[in-house]
Amino acid sequence: MMKSILAVSEGGPDAAMSFRLAARVASIFDASVDALHLPVGPAGGAVGGLAMSGEAMPLIMNLDDDRLEERSKASESAYKEVLGGLAGSTYTAAETATLDTLVAMGRCSDLVVLGRPGSDPENVAPATVEAAIHECARAVMIAPPNAGSGGFGSIVVAWNGSFQAARAVEYSLPFLAKANSVTLLVVGSKADDVGASYLARNLGRHGIKTVIDAIDPGAVSGRARGRALLDYTHGKGADLLVMGAYGRGQVLSFLGLGGATGKVISSCRVPLLMAH
(Lines give C-alpha, C1' and ligand atoms only; values in the text may rest on other atoms or scores of the structure.)
Protein backbone atom coordinates (compact mmCIF):
# COMPACT_ATOMS: atom_id res chain seq x y z
CA MET A 1 0.00 0.00 0.00
CA MET A 2 1.16 3.51 -0.78
CA LYS A 3 1.21 5.62 2.39
CA SER A 4 4.34 7.78 2.07
CA ILE A 5 5.03 9.51 -1.24
CA LEU A 6 8.18 11.55 -1.88
CA ALA A 7 7.58 14.27 -4.50
CA VAL A 8 10.76 15.90 -5.80
CA SER A 9 11.17 19.34 -7.35
CA GLU A 10 14.15 21.34 -8.54
CA GLY A 11 12.18 24.54 -8.88
CA GLY A 12 11.40 24.41 -12.58
CA PRO A 13 8.40 23.05 -14.53
CA ASP A 14 8.95 19.74 -12.71
CA ALA A 15 7.45 21.17 -9.50
CA ALA A 16 3.86 21.32 -10.70
CA MET A 17 4.14 17.99 -12.55
CA SER A 18 5.60 16.13 -9.58
CA PHE A 19 3.36 17.64 -6.92
CA ARG A 20 0.14 17.21 -8.90
CA LEU A 21 0.79 13.55 -9.66
CA ALA A 22 1.78 12.94 -6.04
CA ALA A 23 -1.50 14.53 -4.93
CA ARG A 24 -3.40 12.32 -7.37
CA VAL A 25 -1.79 9.15 -6.05
CA ALA A 26 -2.25 10.28 -2.45
CA SER A 27 -5.99 10.78 -2.99
CA ILE A 28 -6.32 7.21 -4.27
CA PHE A 29 -4.44 5.56 -1.41
CA ASP A 30 -5.18 8.03 1.40
CA ALA A 31 -1.44 8.68 1.57
CA SER A 32 0.75 11.56 2.75
CA VAL A 33 3.18 13.45 0.53
CA ASP A 34 6.64 14.62 1.55
CA ALA A 35 7.77 17.33 -0.87
CA LEU A 36 11.49 17.85 -1.40
CA HIS A 37 13.18 20.77 -3.16
CA LEU A 38 16.69 20.18 -4.49
CA PRO A 39 18.74 23.11 -5.79
CA VAL A 40 20.07 22.74 -9.32
CA GLY A 41 23.84 22.48 -9.66
CA PRO A 42 26.76 20.33 -10.83
CA ALA A 43 27.24 18.96 -7.30
CA GLY A 44 23.91 17.22 -7.69
CA GLY A 45 25.54 14.50 -9.73
CA ALA A 46 27.45 12.63 -7.06
CA VAL A 47 26.21 10.61 -4.12
CA GLY A 48 27.30 7.24 -2.85
CA GLY A 49 29.38 6.55 -5.95
CA LEU A 50 26.62 7.65 -8.35
CA ALA A 51 28.19 9.30 -11.36
CA MET A 52 26.29 11.78 -13.47
CA SER A 53 26.07 10.70 -17.10
CA GLY A 54 28.46 12.33 -19.53
CA GLU A 55 25.52 13.76 -21.46
CA ALA A 56 23.86 15.32 -18.43
CA MET A 57 26.88 17.24 -17.15
CA PRO A 58 27.07 20.01 -19.80
CA LEU A 59 23.30 20.51 -19.75
CA ILE A 60 23.22 21.85 -16.19
CA MET A 61 23.80 25.58 -16.02
CA ASN A 62 25.76 27.37 -13.32
CA LEU A 63 23.02 29.42 -11.69
CA ASP A 64 23.72 32.40 -9.48
CA ASP A 65 22.43 32.64 -5.93
CA ASP A 66 19.49 34.86 -6.89
CA ARG A 67 18.28 32.41 -9.52
CA LEU A 68 18.65 29.48 -7.15
CA GLU A 69 16.59 31.37 -4.58
CA GLU A 70 13.88 32.04 -7.18
CA ARG A 71 13.71 28.35 -8.02
CA SER A 72 13.48 27.46 -4.33
CA LYS A 73 10.58 29.89 -3.92
CA ALA A 74 8.91 28.37 -6.99
CA SER A 75 9.01 24.90 -5.40
CA GLU A 76 7.63 26.22 -2.13
CA SER A 77 4.86 28.12 -3.91
CA ALA A 78 3.87 25.01 -5.90
CA TYR A 79 3.86 22.98 -2.71
CA LYS A 80 1.52 25.42 -0.95
CA GLU A 81 -0.80 25.53 -3.96
CA VAL A 82 -0.98 21.80 -4.68
CA LEU A 83 -0.10 19.96 -1.48
CA GLY A 84 -0.41 22.47 1.34
CA GLY A 85 -3.94 21.40 2.22
CA LEU A 86 -3.21 17.67 2.10
CA ALA A 87 -3.25 16.07 5.55
CA GLY A 88 0.16 14.94 6.73
CA SER A 89 2.09 16.66 3.94
CA THR A 90 5.57 18.06 4.64
CA TYR A 91 8.02 20.31 2.82
CA THR A 92 11.82 20.01 2.93
CA ALA A 93 14.27 22.29 1.12
CA ALA A 94 17.77 20.88 0.82
CA GLU A 95 20.44 23.52 1.38
CA THR A 96 23.06 22.08 -0.94
CA ALA A 97 22.86 20.59 -4.42
CA THR A 98 23.61 17.01 -3.49
CA LEU A 99 21.41 13.97 -3.93
CA ASP A 100 21.98 12.59 -0.43
CA THR A 101 18.67 13.93 0.85
CA LEU A 102 16.78 12.49 -2.12
CA VAL A 103 18.28 9.04 -1.58
CA ALA A 104 17.80 9.09 2.20
CA MET A 105 14.16 10.21 1.99
CA GLY A 106 13.44 8.04 -1.05
CA ARG A 107 14.57 4.84 0.65
CA CYS A 108 12.17 5.60 3.50
CA SER A 109 9.18 6.22 1.21
CA ASP A 110 6.80 3.91 -0.65
CA LEU A 111 6.98 5.86 -3.91
CA VAL A 112 9.21 8.56 -5.43
CA VAL A 113 7.58 10.99 -7.87
CA LEU A 114 9.50 13.29 -10.24
CA GLY A 115 8.42 15.60 -13.03
CA ARG A 116 9.29 14.58 -16.58
CA PRO A 117 12.77 15.84 -17.50
CA GLY A 118 13.58 17.73 -20.67
CA SER A 119 11.27 20.73 -20.28
CA ASP A 120 13.51 22.80 -18.00
CA PRO A 121 16.06 24.84 -20.02
CA GLU A 122 18.16 25.35 -16.88
CA ASN A 123 18.26 21.65 -16.02
CA VAL A 124 17.68 19.62 -19.17
CA ALA A 125 18.94 16.23 -17.97
CA PRO A 126 18.61 16.20 -14.17
CA ALA A 127 20.68 13.67 -12.23
CA THR A 128 17.72 13.22 -9.88
CA VAL A 129 16.06 10.77 -12.27
CA GLU A 130 19.01 8.40 -12.46
CA ALA A 131 19.56 8.69 -8.69
CA ALA A 132 15.94 7.93 -7.89
CA ILE A 133 15.83 4.90 -10.17
CA HIS A 134 19.18 3.37 -9.25
CA GLU A 135 19.74 4.44 -5.64
CA CYS A 136 16.39 4.75 -3.85
CA ALA A 137 15.35 1.09 -4.22
CA ARG A 138 11.74 2.19 -4.54
CA ALA A 139 9.15 2.56 -7.27
CA VAL A 140 9.69 5.76 -9.25
CA MET A 141 6.87 7.56 -11.04
CA ILE A 142 7.61 10.08 -13.77
CA ALA A 143 4.90 12.70 -14.10
CA PRO A 144 3.91 14.02 -17.53
CA PRO A 145 2.99 17.72 -17.99
CA ASN A 146 -0.67 16.77 -17.46
CA ALA A 147 -0.79 14.58 -14.36
CA GLY A 148 -4.45 13.69 -14.90
CA SER A 149 -6.97 13.01 -12.18
CA GLY A 150 -8.88 10.14 -10.61
CA GLY A 151 -7.89 6.50 -10.57
CA PHE A 152 -5.66 4.57 -12.96
CA GLY A 153 -8.34 2.46 -14.62
CA SER A 154 -6.34 1.16 -17.58
CA ILE A 155 -2.74 0.02 -17.06
CA VAL A 156 -0.18 -1.31 -19.53
CA VAL A 157 2.64 -3.43 -18.09
CA ALA A 158 5.66 -3.80 -20.38
CA TRP A 159 6.86 -7.35 -19.71
CA ASN A 160 10.08 -8.97 -20.93
CA GLY A 161 10.76 -11.41 -18.11
CA SER A 162 13.67 -9.38 -16.69
CA PHE A 163 14.28 -8.75 -12.99
CA GLN A 164 13.71 -5.03 -13.63
CA ALA A 165 10.27 -5.76 -15.06
CA ALA A 166 9.51 -8.14 -12.19
CA ARG A 167 10.35 -5.44 -9.65
CA ALA A 168 8.20 -2.93 -11.52
CA VAL A 169 5.27 -5.35 -11.37
CA GLU A 170 5.80 -5.90 -7.65
CA TYR A 171 5.89 -2.17 -6.95
CA SER A 172 2.81 -1.59 -9.09
CA LEU A 173 0.59 -4.17 -7.36
CA PRO A 174 -1.39 -1.54 -5.38
CA PHE A 175 -2.22 0.20 -8.68
CA LEU A 176 -2.96 -3.03 -10.54
CA ALA A 177 -5.35 -4.15 -7.79
CA LYS A 178 -7.47 -1.03 -8.32
CA ALA A 179 -7.40 -1.05 -12.15
CA ASN A 180 -10.31 -2.02 -14.39
CA SER A 181 -8.06 -3.19 -17.22
CA VAL A 182 -4.49 -4.56 -17.10
CA THR A 183 -2.59 -5.46 -20.27
CA LEU A 184 0.66 -7.40 -20.16
CA LEU A 185 2.47 -6.18 -23.24
CA VAL A 186 5.41 -8.07 -24.73
CA VAL A 187 7.54 -6.06 -27.17
CA GLY A 188 9.74 -7.83 -29.69
CA SER A 189 9.37 -11.35 -28.28
CA LYS A 190 6.81 -14.11 -28.09
CA ALA A 191 4.70 -14.04 -24.95
CA ASP A 192 5.56 -17.65 -24.11
CA ASP A 193 9.29 -16.94 -24.39
CA VAL A 194 9.18 -14.45 -21.50
CA GLY A 195 6.74 -16.29 -19.22
CA ALA A 196 3.85 -13.88 -19.68
CA SER A 197 1.32 -16.60 -18.90
CA TYR A 198 3.05 -17.30 -15.58
CA LEU A 199 2.81 -13.64 -14.66
CA ALA A 200 -0.86 -13.55 -15.65
CA ARG A 201 -1.48 -16.61 -13.47
CA ASN A 202 0.23 -15.04 -10.48
CA LEU A 203 -1.61 -11.76 -10.86
CA GLY A 204 -4.86 -13.68 -11.15
CA ARG A 205 -4.18 -15.17 -7.73
CA HIS A 206 -4.03 -11.60 -6.47
CA GLY A 207 -7.47 -11.01 -7.95
CA ILE A 208 -6.04 -9.05 -10.91
CA LYS A 209 -7.44 -9.98 -14.33
CA THR A 210 -5.06 -9.44 -17.22
CA VAL A 211 -4.91 -9.64 -21.00
CA ILE A 212 -1.67 -10.61 -22.77
CA ASP A 213 -0.73 -8.80 -25.97
CA ALA A 214 2.44 -8.69 -28.07
CA ILE A 215 3.85 -6.33 -30.68
CA ASP A 216 6.88 -6.78 -32.89
CA PRO A 217 8.62 -3.55 -33.95
CA GLY A 218 11.25 -5.59 -35.81
CA ALA A 219 15.02 -5.31 -35.62
CA VAL A 220 15.16 -1.70 -34.52
CA SER A 221 17.05 0.47 -32.05
CA GLY A 222 16.20 0.76 -28.38
CA ARG A 223 14.65 4.17 -28.97
CA ALA A 224 12.45 2.70 -31.70
CA ARG A 225 11.29 -0.04 -29.33
CA GLY A 226 10.50 2.65 -26.80
CA ARG A 227 8.54 4.53 -29.44
CA ALA A 228 6.54 1.40 -30.28
CA LEU A 229 5.72 0.92 -26.60
CA LEU A 230 4.58 4.53 -26.34
CA ASP A 231 2.44 4.28 -29.47
CA TYR A 232 0.70 1.23 -28.06
CA THR A 233 0.17 2.82 -24.63
CA HIS A 234 -1.14 6.10 -26.01
CA GLY A 235 -3.28 4.37 -28.64
CA LYS A 236 -4.90 2.21 -25.98
CA GLY A 237 -5.75 5.25 -23.89
CA ALA A 238 -3.98 3.80 -20.86
CA ASP A 239 -3.78 5.79 -17.62
CA LEU A 240 -0.47 4.32 -16.45
CA LEU A 241 2.53 2.56 -17.99
CA VAL A 242 4.60 0.16 -15.87
CA MET A 243 8.07 -0.95 -17.01
CA GLY A 244 11.57 -1.81 -15.88
CA ALA A 245 14.38 0.74 -16.17
CA TYR A 246 17.41 -0.36 -18.17
CA GLY A 247 20.94 0.84 -18.82
CA ARG A 248 23.18 3.08 -16.77
CA GLY A 249 25.99 5.49 -17.56
CA GLN A 250 25.35 5.35 -21.30
CA VAL A 251 26.81 8.63 -22.55
CA LEU A 252 24.91 8.68 -25.84
CA SER A 253 21.45 8.19 -24.35
CA PHE A 254 19.12 10.60 -22.60
CA LEU A 255 19.78 10.73 -18.84
CA GLY A 256 22.54 8.15 -19.26
CA LEU A 257 19.93 5.37 -19.34
CA GLY A 258 19.12 2.75 -21.98
CA GLY A 259 17.76 3.98 -25.31
CA ALA A 260 14.24 2.63 -24.81
CA THR A 261 14.16 3.78 -21.19
CA GLY A 262 15.29 7.31 -22.04
CA LYS A 263 12.81 7.56 -24.92
CA VAL A 264 9.86 6.48 -22.77
CA ILE A 265 10.82 8.78 -19.89
CA SER A 266 11.15 11.80 -22.17
CA SER A 267 7.98 11.25 -24.20
CA CYS A 268 5.37 9.30 -22.22
CA ARG A 269 2.13 11.28 -22.06
CA VAL A 270 0.76 9.33 -19.09
CA PRO A 271 2.29 8.64 -15.67
CA LEU A 272 5.13 6.14 -15.86
CA LEU A 273 6.00 3.75 -13.03
CA MET A 274 9.53 2.33 -13.22
CA ALA A 275 11.87 0.12 -11.20
CA HIS A 276 15.42 -1.06 -11.63
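Predicted model: local features only at pLDDT ≥ 70, side-chain atom pairs only at ≥ 80, totals over all residues.
Local features need pLDDT of at least 70, side-chain atom pairs count only at pLDDT 80 or more, and totals for chains, interfaces and linings use all residues. Residues are numbered from 1 along each chain as its sequence is written, and side-chain values use heavy atoms, with hydrogens and water left out.

**View 1. Helices are DSSP runs of H or I with at least four residues, strands are E runs of at least two, and both are numbered from the N terminus. Arg-71 is buried, at 2% relative accessible area (buried: under 20%, 1.4 Å probe, protein chains only). Its side chain reaches the backbone oxygen of Glu-10 at 3.0 Å. The largest cavity, with about 110 Å³ of space.** A cavity is a set of points on a 1 Å grid over the protein atoms alone where a 1.4 Å probe fits but cannot get out, and lining residues have an atom within 4 Å of a point. Volume is the space filled by probe spheres set on points joined across faces, edges and corners. The lining has 14 residues, with Glu-10 and Asp-14 among those nearest the centre. Strand E6 (111–115) and helix H4 (127–135) each supply at least two of the lining residues.

**View 2. The largest pocket, with about 280 Å³ of space.** A pocket is an open set of points with protein on both sides within 12 Å along at least five of seven lines. Of its 15 lining residues, Asn-160, Val-187, Arg-225, Tyr-246 and Ala-260 lie nearest the centre. Helix H7 gives the most to this lining, with four residues.

Notes: Buried < 20%, exposed > 50% of the residue type's maximum accessible area, 1.4 Å probe, protein only. Polar contact = N/O pair within 3.5 Å; in protein donor to acceptor, adjacent residues only side chain to side chain.
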